[in-house]
Amino acid sequence: MTDHVNRDPHPAGHGHPHGHPHGAPASVPGTISHDLRESTSDLHTAAERSELQRLLVSGRASRSQYAEHLSQMFLVHRALDAALRAASEASPAVRTVVRDEHFQEPYLREDLAFLGVNPESIEPVPATTAMTARIAGVAAADPVALLGYHYVLEGANNGNRFIARAVAGVVGQRPGGPGTRYLDPYGERQREVWSAFKRDIDSVELDAATRGRMIGCAREMFAAVATIGDEVIARTSMASVSSGAPGPALS
Ligand code: HEM
């Protein structure tokens, strides 16, 4: 595996290769950020259409669904943050990309505290258990490929900003305020932080095999988040059936 940094900056481009909204700077063909985007765009479309994401973005998720979603994502981020921290120490490539502010575990802890969830008592759904085990496996075998997982969750902040608005509106909070910090960790700096992520990952020189494994990890994370969402819906529906009442709406 090649693991060093190419200091030549890639030029930024303009345009929308496959119709993403909101005027993102174009990805440059041949770069890893471009390949990650292109090889996961089908899964992004599926993610946007998934039931939980639709409930969240429209402000129709119940408080228990939102809390369960954050709880499961907490377990995923806790595992990934730890793996990325260790990988950053060993790998210059990982160190080039990962910034302290990318670690999402503290933001999730804030939100869970606001929602009254004890992070130590969260029961993982099966897809969360599977994903955290995979993170540990990749961390041991191929730490640079962890950047594929990181790409998905860091990129998700682009859309999560919109979800934060929907969730914040109905809980009477401002986006990025209590309870929605994870969904909008960077506020007005979102574009800047995402551009820096892409610039940094594109400055890392990767051989074809490592690129392939990174893309495989990205696809895996998209699939995991989708399955976790389905399992969150199933768990919260069962809980409201057994308690005899629908989960309280956020509003
Ligand atoms: C309702 C749900 C969602 C909406 C509305 C949404 C929306 C968006 C938007 C507007 C962007 C910026 C696109 C651009 O400017 O180029 C984006 C990017 C991205 N989103 Fe989502 N998203 C959603 C769900 C998700 C989920 C669940 C994930 C991951 C599990 C995800 C991962 C990503 C990634 C990785 C990018 C970066 C794409 C790139 O490489 O440029 N999104 N999303």
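Figure 1. I201 is buried, since 23 other C-beta atoms lie within 10 Å and the cut-off for burial is 20 or more. Leaving aside residues up to four places away in sequence, I201 touches I32, S33, V97 and L147. L147 is 54 residues from I201 along the chain, yet the two C-alpha atoms are separated by 8.4 Å.

**Figure 2. The largest nonpolar core of the chain.** This core has 58 residues. Those with the most contacts inside it are V94, L146, L147 and M221. Helix α3 gives the most to the core, with twelve residues. Of the residues named here, L147 is also touched by I201. M221 touches Y149, V152 and L153 when residues up to four places away in sequence are not counted. In soluble globular proteins, nonpolar side chains tend to be buried together.

**Figure 3. Packing of helix α3 against helix α6.** Helix α3 spans residues 63-90 and helix α6 spans residues 126-141. Their axes are 9 Å apart and meet at an angle of about 5 degrees. The two helices are therefore roughly parallel to each other, as angles under 35 degrees are classed that way. On the α3 side the contact is made by Q72, L75, V76, A79, L80, A83, A86 and A87. On the α6 side it is made by T128, M131, T132, I135, A136 and A139. By class, the contact of α3 with α6 has eleven nonpolar residues, three polar residues and no charged ones.

**Figure 4. A61 in the loop between α2 and α3.** Helix α2 covers residues 51-57, and A61 lies in the loop between α2 and α3. A61 is buried, because 28 other C-beta atoms lie within 10 Å and 20 or more are needed. E51 and A61 are ten residues apart in sequence, and their C-alpha atoms are 9.7 Å apart in space.

**Figure 5. A168 in helix α7.** Helix α7 covers residues 146-171 and contains A168. With 21 other C-beta atoms within 10 Å, A168 is buried. P178 is ten residues from A168 in sequence, and the C-alpha to C-alpha distance between the two is 8.6 Å.

Figure 6. The mean pLDDT of the chain is 87, and 82% of its residues reach 70 or more. Where pLDDT is low, the predicted coordinates should not be read in detail.

**Figure 7. Context for the close-ups: elements and contacts of the chain.** The chain has nine helices and two strands. From the N terminus on, the elements run β-α-α-α-α-α-α-α-α-β-α. Buried residues make up 39% of the 251 residues in the chain. Among contacts between residues at least 6 apart in sequence, 78% join residues at least 24 apart.

Key
Residues are numbered from 1 along each chain as its sequence is written. This is a predicted model: local features need pLDDT of at least 70, side-chain atom pairs count only at pLDDT 80 or more; totals for chains, interfaces and linings use all residues. Axes are lines fitted to C-alpha atoms, for helices over the stretch in contact, and angles run from 0 to 180 degrees between N-to-C directions. Helices (H or I, at least four residues) and strands (E, at least two) are DSSP runs, numbered from the N terminus. Angles under 35 degrees count as roughly parallel, over 145 as roughly antiparallel, 65 to 115 as roughly perpendicular and the rest as oblique. Two residues are in contact if their C-beta atoms, placed from the backbone, lie within 7 Å. Ala, Val, Leu, Ile, Met, Phe, Trp, Tyr, Cys and Pro count as nonpolar, Asp, Glu, Lys and Arg as charged, and the others, Gly among them, as polar. A residue is buried if 20 or more other C-beta atoms lie within 10 Å of its own, exposed if 12 or fewer, and partly exposed in between; C-beta atoms are placed from the backbone. A nonpolar core is a set of buried Ala, Val, Leu, Ile, Met, Phe, Trp, Tyr and Cys residues joined through C-beta atoms within 7 Å. pLDDT is the predictor's confidence in each residue, from 0 to 100.
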